[in-house]
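Biologist: I would like to learn how to read a protein model. Could we go through it one feature at a time?

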Amino acid sequence: MDATTPLNTALIIFVRHPKLGKVKTRLASAIGDEKVLKVYRLLLDHTKNITAELNCRKFVYYSDQVEEYDLWNAPGYTKRQQTGNDLGERMLNAFKELFEQGFKNIIIIGSDCYQLKNIVVKEAFEWLDSCEVVIGPTFDGGYYLLGMNHLVPELFYNKVWSTAQVFKKTIQDLELLKLSFTTLAQLHDVDVVADLELNGIEI
């Protein structure tokens with residue numbers, strides 16, 4: 001930790017196990033399970049690389065059971081399991097768990113955004129010193145990053161996850177609740193074939 005990053009900051013990373021036929025099903029329908037697995041491993045490696053040097057506590061939340069030996073077996077990463085019936089509930093539970101442990105500024109990312117850079121996550125943490133919520137939109141209508149300095153459960157309710165309305169609905173919630181927020185640069189995540197070229201990923 002350095003002097004500019006307090007001990008009460010935490011990064012949540014949502015991941016899936018890189019297993020054949022279990023990741024990126026929309027993309028797999030177009031390019032096949034083996035190529036998709038290669039892409040997802042690339043995305044996981046990228047996520048690890050951009051988060052490794054961040055001065056915060058890092059928590060890797062698995063969609064299935066916690067993997068004992070994988071690339072997250074590294075100093076600074078704590079492994080946990082997601083809980084909840086849908087993505088919103090799983091994210092809410094992860095935030096709630098860490099806020100209850102005393103963390104003040106918490107950010108969540110996934111492992112789908114090859115355009116996400118270390119500096120963007122740092123910028124997001126900095127914004128939480130002056131606003132309540134920070135959000136990074138994707139071009140498909142979702143978001144690649146969400147951060148807050150206190151728990152806002154409403155952001156995880158009444159959403160149809162993995163659709164083009166998620167970011168819009170989240171902004172509407174923030175405005176209705178009169179919360180201070182800022183948006184980061186809009187990025188492409190990787191869900192369909194066109195995203196591979198946009199991200200410069202060759203298969």
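The dialogue below takes up salt bridges, backbone angles and nonpolar cores in turn.

Biologist: What should I know about the model before we start?

Modeller: This is a predicted model, in which local features need pLDDT of at least 70 and side-chain atom pairs count only at pLDDT 80 or more, while totals for chains, interfaces and linings use all residues. Residues are numbered from 1 along each chain as its sequence is written, and side-chain values use heavy atoms, with hydrogens and water left out.

Biologist: How do I read a salt bridge, and how many salt bridges does the structure hold?

Modeller: Side chains of opposite charge can pair when their charged atoms come close. The term salt bridge is used when a side-chain nitrogen of Lys or Arg is within 4 Å of a carboxyl oxygen of Asp or Glu. The structure holds six of them. In one, K24 pairs with D191, with the closest N and O atoms 3.0 Å apart.

Biologist: Which parts of the chain does the pair of K24 and D191 tie together?

Modeller: Helices (H or I, at least four residues) and strands (E, at least two) are DSSP runs, numbered from the N terminus. K24 lies in the loop between β1 (9-15) and α1 (25-31), and D191 lies in the loop between β7 (181-183) and α6 (193-198), so the pair ties together parts that are 167 residues apart in sequence.

Biologist: Is K24 buried or exposed?

Modeller: Buried means under 20% relative accessible area, exposed means over 50%, and partly exposed is in between (1.4 Å probe, protein chains only). K24 has a relative accessible area of 12%, so it is buried. D191 is buried as well, at 13%.

Biologist: Which other residue meets D191 in a salt bridge?

Modeller: R26 does, with 3.6 Å from N to O. This pair also links distant parts of the chain, since R26 is in helix α1, 165 residues from D191. R26 is partly exposed, with a relative accessible area of 49%. K24, R26, D112 and D191 are linked in a network of salt bridges.

Biologist: What is the distance between the closest N and O atoms of K79 and D70?

Modeller: They are 2.9 Å apart, and the two residues form a salt bridge. K79 is partly exposed at 23%, and D70 is partly exposed at 24%.

Biologist: Which residues have a positive phi although they are not glycines?

Modeller: K24 has a phi of about 50°, and N158 has one of about 55°. N158 is found in the loop between β6 (143-148) and α5 (166-176). N158 is exposed, with a relative accessible area of 77%.

Biologist: How do I read a nonpolar core?

Modeller: A nonpolar core is a set of buried Ala, Val, Leu, Ile, Met, Phe, Trp, Tyr and Cys residues joined through side-chain atoms within 4.5 Å. The largest one has 38 residues, of which L11, L116 and L145 touch the most other members. Among the elements that give two or more residues to this core are β1, α2 (33-51) and β4 (105-109). The largest share, seven residues, comes from α2.

Biologist: Which residues is L116 in contact with, leaving aside its neighbours within four places in sequence?

Modeller: Contact means heavy atoms within 4.5 Å. L116 is in contact with H46, I50, I109, V121, Y144 and L187.
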